[in-house]
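Welcome, and please open your viewer. We will take a short walk through the model, from the whole chain down to a single side chain.

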Amino acid sequence: MSKDKKDMVCSFCGRDEESVEKLISGPNAYICDKCVRLCLDIVDKKPKEEGASKEQKELVVLKPKQIKDRLDEYIIGQITAKRTISVAVYNHYKRIRAIDQKHNIEYSKSNVLLLGPTGSGKTLIARTLARILDVPFAIADATTLTEAGYVGEDVENIILRLVQNADYDIQRAERGIIYIDEIDKLRKTTGNVSITRDVSGEGVQQSLLKIVEGTTANIPPKGGRKHPNQEYLKVNTENILFIVGGAFVGLDKLIAKRLGKGVIGFDAVEKRDFDPTEVNYLYSKVEIEDLIEFGIIPEFIGRFNSIANFNELTLEDLVIILTQPKHAIISQYTSLFAEDGVELTFTEDALQAIAFKAKKAGTGARALRMIVENLLINLMYEVPSDPSIKEIVINEDTVNGLEDPIIKRTDTA
């Protein structure tokens with residue numbers, strides 16, 4: 001029986017018989033001459049690529065000062081945190097190089113714990129590290145994770161995300177970076193033993209232990225739940241750098257209590273407000289016992305030898321973030337308007353007002369882009385259709401909603 005012509009298409013590229021020179025048929029499938037040639041090219045190149053990967057096995061490790069200098073281009077402030085992370089990353093990849101070169105001394109794996117207020121740069125520093133080191137990077141939100149077998153995302157799916165970002169190059173993925181955000185949300189719900197399972201708290205911490213320390217994980221190629229007789233990708237997590245971060249709200253009070261800084265009285269501690277400088281100081285004095293009291297299990301904390309605390313951003317920091325880093329927010333928007341032939345200018349007072357609104361929002365640098373976007377949204381709608389506009393000035397009153405932006409046109413002085 002002959003197949004209908006409309007069904008005769010290449011099973012790989014979807015081209016029909018008229019679009020190719022030859023269409024080869026097989027049992028319930030077709031392949032065109034173009035795909036055959038492509039497959040031959042892939043087969044021919046494979047031995048060369050394998051040989052190249054062996055030649056490139058020597059790992060180039062940036063020195064701590066070089067890593068920090070690169071981080072300075074994107075992240076404002078946080079000097080102590082950047083130094084701590086730079087040393088941790090340098091030692092981690094130096095350890096991998098020692099394994100490659102088969103040194104006699106085996107170095108312990110060192111993962112990194114970041115703690116500090118939201119919007120202080122924890123996620124950005126992890127992303128930037130991956131870009132600097134040119135390694136695969138994956139990010140996960142701890143609040144979506146559950147123990148295997150429960151509704152939610154299995155912890156091993158984080159590894160799959162890294163493998164996917166490495167284009168399924170397992171060897172490259174095994175030297176990547178995984179960042180798990182909101183790790184503080186996995187705190188134990190109670191200090192006492194409970195008869196019910198804490199599947200999104202302590203249970204997830206237990207599930208993360210092995211992959212963070214180093215194990216060979218069996219990952220379903222397409223994610224989801226594991227099934228019998230399913231093929232798995234074997235990924236060794238021993239050389240994957242795990243960075244976890246969280247705001248750890250309330251941790252400062254536990255540290256203050258340990259240091260004896262609490263005010264004596266019935267409810268004096270609860271009513272006391274630490275100023276940002278003192279909170280930053282308290283976070284810098286964090287110890288393992290504080291994190292355990294907070295609700296992180298000792299076995300999990302033991303996998304993180306480096307702890308970097310991020311300070312709350314000041315008004316000055318927020319103004320600098322707006323204007324100075326690579327891909328600064330103001331630079332991005334001025335470039336967008338410049339493509340339409342319009343010069344966009346922010347006065348110094350306007351930048352201070354934007355920073356003040358972001359500080360008031362309490363979400364750190366995250367609020368900056370939203371404030372600027374809302375400020376310019378109507379202008380970005382009008383400008384492309386109005387060629388008479390040549391310059392726009394944003395001042396403090398514009399930011400505070402007291403007056404419209406100053407618009408200069410070709411027909412006005």
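A residue counts as buried under 20% relative accessible area, as exposed over 50%, and as partly exposed in between, using a 1.4 Å probe and protein chains only. By that rule, 41% of the 413 residues of the protein are buried. This is a predicted model, where local features need pLDDT of at least 70 and side-chain atom pairs count only at pLDDT 80 or more, while totals for chains, interfaces and linings use all residues. Residues are numbered from 1 along each chain as its sequence is written, and side-chain values use heavy atoms, with hydrogens and water left out.

Switch to cartoon view: the protein has 17 helices and 12 strands. These are DSSP runs numbered from the N terminus, with helices (H or I) of at least four residues and strands (E) of at least two.

Next, select strand 6, residues 216-219, and show side chains.

DSSP must find at least two bridges for two strands to pair. Asn218 has Lys234 as its bridge partner there.

Finally, go to Ile394, in strand 11 (residues 389-394). Ile394 is buried, with a relative accessible area of 0%. Which residues does Ile394 touch? Leaving aside residues up to four places away in sequence, its contacts include Leu344, Phe346, Leu375 and Val399, a contact meaning heavy atoms within 4.5 Å.
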